[in-house]
Amino acid sequence: MRDWFANLQPRERMIFGGGAVIALLIVLWAGVLRPLQSRSAILREAVVAKQRLLVNLRRIDGPQPGGSSISGTEQTLVVLVDRTSKELGVALTRSRPDGPDGIQVTFGNASFDTLVDWLVALQTQHGVAVESASFTGTRQRGIVNGQLVLRRT
């Protein structure tokens, strides 16, 4: 194999070396990085589901003796956003953490006025600000789809 490679012309050696590097990168991506990314996404969604389950269990259990219910600053941002969106009638289609103090949320067919009321309540009552927002209109007037990145300040 070494003799064969040595007998190649310099241009052929460069092409062969470049192809080997590309093949190695493809194998690395397909065999290592892609499975890690998909497993990481599955685990993130499982954490969100477990946090929602915990909130539901606390609601069923009621307030603990000697203490009050969890305040907005003590709740995780995922739980806080989920709870407040349900209270104000904003139907979130997806939410996922974005670092230790952020969350990305996706919503569909939401009333823009209700959405703004929810965002104002998050800002004034819980210290959660909108970092970025993307809205698209629908055929219905005042109804939007979109994505938000919210961050605790």
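**Note on the predicted fold and its ring pairs**

1. Gln75 sits in the loop that joins α2 (10–61) to α3 (77–88), where helices (H or I, at least four residues) and strands (E, at least two) are DSSP runs numbered from the N terminus. With a relative accessibility of 13%, Gln75 counts as buried; on this scale, buried means under 20% relative accessible area, exposed means over 50%, and partly exposed is what lies in between, with a 1.4 Å probe and protein chains only. Between Gln75 and Val55 there are 9.5 Å in space, C-alpha to C-alpha, for a separation of 20 residues in sequence.

2. Residues are numbered from 1 along each chain as its sequence is written, and side-chain values use heavy atoms, with hydrogens and water left out.

3. As to the overall architecture, the chain contains four helices and four strands, and read from the N terminus its elements follow the order α-α-α-β-β-α-β-β. The radius of gyration is 25 Å, whereas a compact globule of 153 residues would be near 15 Å; the radius is taken over C-alpha atoms, and the globule rule is 2.2 Å times the number of residues to the power 0.38. Along the principal axes, the C-alpha atoms fill a box of roughly 80 × 45 × 25 Å.

4. Of the 153 residues in the chain, 25% are buried. Among contacts (heavy atoms within 4.5 Å) with a separation of 6 or more, 59% are between residues 24 or more positions apart. The accessible surface of the chain is about 10900 Å², and carbon and sulfur atoms hold 59% of this area; the areas come from the Shrake-Rupley method with a 1.4 Å probe, and for residues only the protein chains shown count as cover.

5. Thr84, which belongs to helix α3, is buried at a relative accessible area of 5%. Once neighbours within four places in sequence are set aside, Thr84 has contacts with Trp118, Leu122 and His126.

6. Leu92 is placed in strand β1 (residues 92–97) and, at 24% relative accessibility, is partly exposed. Not counting residues up to four places away in sequence, Leu92 touches Val81, Ser85, Val105, Thr106, Phe107 and Trp118. The C-alpha atoms of Leu92 and Asn109 are 9.5 Å apart in space, with 17 residues of separation in sequence.

7. Asn109 itself lies in strand β2 and is exposed, with a relative accessible area of 59%. The backbone at this position deserves a look, as phi of Asn109 is near 50°, a positive value in a residue other than glycine. Most residues other than glycine have a negative phi.

8. Four aromatic pairs are found when the whole structure is searched; rings of Phe, Tyr and Trp (its six-membered ring) pair if their centres lie within 6.5 Å, and planes under 30 degrees apart count as stacked, over 60 as edge-to-face and the rest as tilted. One of them is the tilted pair of Phe107 and Phe135, with 6.0 Å from centre to centre and 50° between the planes. Because Phe107 lies in strand β2 (residues 102–111) and Phe135 in strand β3 (residues 128–137), this pair ties together parts that are 28 residues apart in sequence. Phe107 is buried, at 2% relative accessible area, whereas Phe135 is partly exposed at 36%. Elsewhere, Trp4, Phe5 and Phe16 are linked into a cluster by ring pairs.

Conventions. This is a predicted model: local features need pLDDT of at least 70, side-chain atom pairs count only at pLDDT 80 or more; totals for chains, interfaces and linings use all residues.
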